[in-house]
Amino acid sequence: TTTNSQYNADALTLGSILVNGGSAVTISLWTYKSNSTQAVEMFFDARPEMGITSDQTVDNASANPNQWVQISKTFTPTSAGKIDIKVKFTNSNVNDVFYIDDFNVSQV
């Protein structure tokens with residue numbers, strides 16, 4: 001719940017995924033925002049032991065408002081492990097609206 005005009009929410013964990021090393025992983029999420037100053041960010045923290053040396057982020061900040069936009073991130077871990085996928089919402093107005101839907105994961 002947004003309670004002031006400029007709010008950066010704590011991250012919400014969407015879930016954990018188990019991945020194999022050596023092949024590309026793509027995560028995606030459908031997002032909707034009602035204002036151009038908003039953003040929905042999907043991310044996970046660096047996992048150096050899996051060859052992922054920096055935080056991985058993707059957002060819909062540059063997308064037009066009032067339409068569904070799919071955001072996705074592709075990465076290749078060097079070893080198997082667990083990754084916690086999170087989402088964060090940033091707004092500039094208490095009347096802003098966000099939606100997320102259809103979180104997908106694939107590894108090829």
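I started with Asn66, which comes out as partly exposed because its relative accessibility is 48%. A reminder to myself: this is a predicted model, and my entries below should be read that way.

Next I checked where Asn66 sits. I found Asn66 in the loop that runs between β5 (56-59) and β6 (69-75).

I then turned to Asp102, another entry for my list of backbone angles. Phi of Asp102 is near 50°, again a positive value in a residue other than glycine. Where does Asp102 lie? I located Asp102 in strand β8, which covers residues 98-107. I noted a relative accessibility of 47% for Asp102, so I wrote this residue down as partly exposed.

My last stop was Gln38. I placed Gln38 in the loop between β3 (25-33) and β4 (39-44). Is Gln38 buried or exposed? I have Gln38 down as buried, because its relative accessibility is 1% and the cut-off for buried is under 20%.

I also wanted to know which residues surround Gln38. Setting aside neighbours within four places in sequence, I listed Lys33, Ala61, Thr90, Asn91, Asp96, Val97 and Phe98 as being in contact with Gln38.

Key:
Residues numbered from 1 in each chain as written. Predicted model: local features only at pLDDT ≥ 70, side-chain atom pairs only at ≥ 80, totals over all residues. Heavy atoms only, no water. Helix = DSSP H or I, 4+ residues; strand = E, 2+ residues; numbered from the N terminus. Buried < 20%, exposed > 50% of the residue type's maximum accessible area, 1.4 Å probe, protein only. Contact = heavy atoms within 4.5 Å.
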